[in-house]
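Visitor: I have a model open and would like to go through its main features. Could you take my questions one at a time?

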Amino acid sequence: MAGRLPWNIGGRSRNGRPAHLPLYEKEKARTPSRERLTNDSYDESDYDEYSTTSSPETGTSRQTSSTSSHAVPILAKPRLPLPRGPGRPHLYRLPNKVIRYLCFGLVSFMVLLILTLARASHNENRAFAEGRIGKKPPPPRIWESYPYLTRYYGGLRNLVPAAQNSPEYPRAEDEVPLDKLGFAQGVQKPESVKGQKREIPSSKEFAAHPQSVFKTMPTTLEECFLDMEKKVRVPPVRYFDGRPNGFPEAVLGSSELFGVPQDLCFERYGRYGPYGFGYSARSGGLGTGQRGDTEGFESTWDKVPRVDWKSMDWAEVQRQCYKTNAAHYKPLPAKQPAPTGFFIDEGIPAKTHSARDITPDDPLPPSDTSVKSDESVKPTTNKEADQAKGNVLPRTAVVVRCWDEFLWREEDVMNMRSLITELVLASGSRYDVHLLVQVKNDAANPIWADLDTYKRRIEQAIPAEFRGIVTLWTETQMLAVYQGIFDLWTRGPDLPVHGVYRGLQMAMQYFAYQHPEYDYFWQWEMDIRYTGHYYDLFSKMEKWAKEQPRKGIWERNGRFYIPSVHGSWEDFKQMSRVQTEMGTKGADNIWDSVPGAGKDQAKRGDKPIWGPERPKDSKDWFDADSDPVPPTTYDKDKYVWGVGEEADYITMNPMFDPDHTTWLLADDITGYNEADGNGKPPRRANIITASRMSRRLLLTMHKETAFLKHHAFPEMWPGTVALQHGFKAVYVPHPVYVDREWPTEVLAQTLNNGKNGAAGGSRTSVFGDREHNLEGLTWFYRSALSPALYRRWLGLSVDGVGGEEFELIVDESKNSTSVQDMRGGEGRMCLPPMLLHPVKDIELPVEEQVPEATIPESDPAA
């Protein structure tokens, strides 16, 4: 047994007596070593038994070994060399210096890696914010899976009476699907005359329609003309009976509420032909609209000849119309005096200077402004007002917003002509139309320092026929008028509170302050179009708003009206009341019933608004004593208060509560005390600023901004002031169309998905992150349907649909299942009265302007 140690080696002492280890040494020395060298679990008793029986020389009991240990001195046990296994590698230990260098290098690498990743993340975020990195494409939206509606693009050769029309949309879920190809097959005549297209029916004057404003609201006003001699009339707007076969119904709002005719439609020549569309510039027209389907367009000028619009002055036309009917209106108040200083010639008639009387050293005489003064129309004194009889009709200013760098095209000109003609001349001067033009660069155009610069900027920017109705304004002017407003910079340093984006309403407030002759002001925009008659629309919206009771009006204002879901207007009114008082269960309060949520289910409903909703801090109240007060309690009122009262604020979109919504500008309101738990003041907002505001509302806004430094985003400021002061505000649910086959129940739930069935008031509101659901409507600032629909209606091609070929040629290879697969050949498009927004940059094909050749006179002596 060479090379191996016997188990009992060293087991005896020098005296021949057996050597015994102490019990404590055996437990401390051997037991831990076994625990370290093996994963097996041993009991202490098992180990003791093994140690006492492994050698017969150690004794037979624990007591014997324990007793002998006290007699024998404890000797150190010699350490024996442990055998090494064959071929076991020997690990080399690096020097400490090398290890220090390696650790330093590793730590440096980790720090450098962290800094590199942080810098890369910062650069990526900066590039993303600057737009150098495209955003990740959003997931597909649900409404994008709905098919497009096609029957908007039907034409005059496929008209059917409105009572016989089977609308393509909306339809109930249990109805049989429509055969869209069947709508287009009606373009051809019966088999006996196969191949011949149906003739276009004859058009009619809109003024003679039994439901037009001229028949339902007749007046005794005098007729207005385009010239001073009162000989030139405007050709009447014309319409066609019926609608294109299958034309969809409006999904939002209703024409029946206002009495707007539904059994007719307008094509481009009957609508814009009276204003220069369809004949050459040499004849006084626009030189456009002479392509495409022109069959029957001459009927526009059957009774009234074409008008030569080249030398038109709309300021003089409006003044003459007012003079003709001045006895029917309220007396003109005195003009708002401008703050001026001392003048020595006050009350002395100014001397008339001619150009040759002025030397180079003399100052220039004051020039006439772009709007000529009319000395024949003088403000009426109080005595004259008392003597006047019947002149009780209020007057309204229609203020169209524009800017000096706006590019005027032929389509913009004919739309502006129609707006003035139909509102001013057709109403007998009940309306006046103004252009409120912003000068964007007033550093390059110091219009406030020099009157000639003011006039010159108008001549450079505005067509000649509209220059007399222009009022200029600048952002620095608003900064001077409304000083001291605390700017929240909600959209960054490039968009200040006095700018056109966030301070658009300031110019309107100051305009109303300078024009006391008007009781109401319509704020209009250059990119709004109406396919019907403007006077018919404005007058009927105002009349309907006047008839609305105040009870429940703010609750109705905050909801979209969808007739196919909500039923009649009376049903919608009661539904709004019940939802407000009882509350509804929605995505914003679905967890309120969970134990521990801390929400009282009995308080789910809201308190109806009845009277002014003031801010919590009384220091934020302004002229509260002049605010209207309810004549009785909410419960006792029988929908009487407010009936017959003119509305202070009329909007064409719901006035929603921006609180808790994701709307980007919900908190863009300043000047109020929000400390001490007051929070944001009560407020309302509506998308698109087009609206009618009373002079009382605008002056209240003007004074609050000037004296209390209150202000909010332009789409929120008028509704907020009306809410806080208890003014009458009305949302007018005009007809709005949609581009896709939305399930109506889904659409209603999407649009009215706010608090208690309203459009706002919670994070689930459609206003904010969910505004993409509104892009398919004809009335939305980001609408995709309105510009395409309007261009095709004018005879232009958009995405291969529309244009001359589409109107005249039938392509039987197509099945009409989509817009691109429509067969065409139905003639010019014909649309019912509808508001479209936005419509921008319409480029119509215009005839080339050839200068007239000058023929030299013949020489008799030649």
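Guide: The answers below go from the whole chain to single strands, a helix, a surface patch and charged pairs.

Visitor: Before we start, how should I read the numbering and the values?

Guide: This is a predicted model, in which local features need pLDDT of at least 70 and side-chain atom pairs count only at pLDDT 80 or more, while totals for chains, interfaces and linings use all residues. Residues are numbered from 1 along each chain as its sequence is written, and side-chain values use heavy atoms, with hydrogens and water left out.

Visitor: How many helices and strands are in the chain?

Guide: The chain has 22 helices and 16 strands. Helices (H or I, at least four residues) and strands (E, at least two) are DSSP runs, numbered from the N terminus.

Visitor: And what share of the residues is buried?

Guide: Of the 862 residues in the chain, 46% are buried. Buried means under 20% relative accessible area, exposed over 50%, and partly exposed in between (1.4 Å probe, protein chains only). The accessible surface of the chain is about 46,700 Å², and 54% of that surface belongs to carbon and sulfur atoms. Accessible areas come from the Shrake-Rupley method with a 1.4 Å probe; for residues, only the protein chains shown count as cover.

Visitor: What about contacts between residues at least 6 apart in sequence?

Guide: Of those contacts, 78% join residues at least 24 apart. Contact means heavy atoms within 4.5 Å.

Visitor: Which way do the β13 side chains point?

Guide: Ser 691 and Met 693 point one way, Arg 692 and Ser 694 point the other way, and all are buried.

Visitor: What does Ser 694 touch?

Guide: Beyond its neighbours within four places in sequence, Ser 694 is in contact with Asp 519, Tyr 520 and Asp 648. Ser 694 has 2% relative accessibility, so the residue counts as buried.

Visitor: Moving on, what is the strand order in the open sheet of three strands?

Guide: The order is β2-β3-β5, with antiparallel pairing. The edge strands, β2 (204-205) and β5 (264-265), each pair on one side only. Two bridges link β2 to β3 (residues 238-241), and Glu 205 has Arg 238 in β3 as its bridge partner.

Visitor: Now helix α14. Why is it described as largely enclosed?

Guide: Eleven of the 13 residues of α14 are buried, so the helix is largely enclosed by the rest of the structure. Among the buried residues are Tyr 534, Phe 538 and Trp 544. Helix α14 (residues 534-546) reaches 18 Å from its first C-alpha to its last, close to the 18 Å expected at 1.5 Å a residue. The expected span is 1.5 Å times one less than the number of residues.

Visitor: Which residues make the nonpolar surface patch?

Guide: Tyr 92, Leu 94, Val 98, Ile 99 and Leu 102 make a patch of about 490 Å². Leu 94 lies in the loop between α3 (62-71) and α4 (96-129), and at 38% relative accessibility Leu 94 counts as partly exposed. Patches are made of residues with over 30% relative accessible area and no salt bridge: like charges are joined within 9 Å, nonpolar side chains (Val, Leu, Ile, Met, Phe, Trp, Tyr) within 5 Å.

Visitor: Last topic: how many salt bridges does the structure hold?

Guide: The structure holds 42 salt bridges, each being a side-chain nitrogen of Lys or Arg within 4 Å of a carboxyl oxygen of Asp or Glu. One of them joins Glu 411 and Arg 529, with the closest N and O atoms 2.6 Å apart. Glu 411 is in helix α10 (residues 410-425) and Arg 529 in strand β10 (residues 529-530), so the pair ties together parts that are 118 residues apart in sequence. Both Glu 411 and Arg 529 are buried.

Notes: Pairing = 2+ DSSP bridges.
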